[in-house]
Amino acid sequence: MAGNIDMGQGSVPPELSILRPGATMSDALASLTATGAGIALLCDADGVLLALFTDGDLRRMMLSGFSIEAPLEIPPDRQPHTGPAGIG
């Protein structure tokens, strides 16, 4: 199940690394470096969470031969599970 990352005020905290479909591993690494968040959220144009990637996920992908300039893909076995907005 996918969820919307709207934090209730129509904005996402700036320390989150938000990527859009078509973002590459290079984009993800640059975003993680800029935010220091350690996690990148891949969201569609409506803010629906499609997948998340930790810095460790990105390292493992690179070690397995994933091209740094290839678009990130949603792993078929890793669909995000989300809760309702306002929890936490």
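This briefing covers a three-strand sheet, a helix lying across it, and serine 17. The model is predicted: local features need pLDDT of at least 70, side-chain atom pairs count only at pLDDT 80 or more, and totals for chains, interfaces and linings use all residues. Residues are numbered from 1 along each chain as its sequence is written, and side-chain values use heavy atoms, with hydrogens and water left out.

**Sheet**

- The sheet is open, has 3 strands in the order 1-2-3, and shows mixed pairing; strands are DSSP runs (E, at least two residues) numbered from the N terminus, and two of them pair if DSSP finds at least two bridges between them.
- Strand 1 (17-19) and strand 3 (49-54) are the edge strands, each pairing on one side only.
- From one strand to the next, the twist averages 25°; angles run from 0 to 180 degrees between N-to-C directions of axes, which are lines fitted to C-alpha atoms, for helices over the stretch in contact.
- Strand 1 and strand 2 (residues 39-43) run parallel and are joined by 3 bridges.

**Helix**

- Helix 1 (residues 25-35) lies across strand 1 and strand 2 and runs at about 160° to strand 1; helices are DSSP runs of H or I with at least four residues.

**Serine 17**

- Serine 17 belongs to strand 1 and stands opposite alanine 40 in strand 2.
- Serine 17 is buried, at a relative accessible area of 1% (buried means under 20%, with a 1.4 Å probe and protein chains only).
- Beyond its neighbours within four places in sequence, serine 17 contacts Ser31, Leu32, Thr35, Ile39, Ala40 and Leu41 (heavy atoms within 4.5 Å).
- The side chains of serine 17 and serine 31 make a polar contact at 2.4 Å (a pair of N or O atoms within 3.5 Å; within protein, one must be able to donate a hydrogen and the other to accept it, and residues adjacent in sequence count only if both atoms are side-chain atoms).

Notes
Buried means under 20% relative accessible area, exposed over 50%, partly exposed in between (1.4 Å probe, protein chains only).
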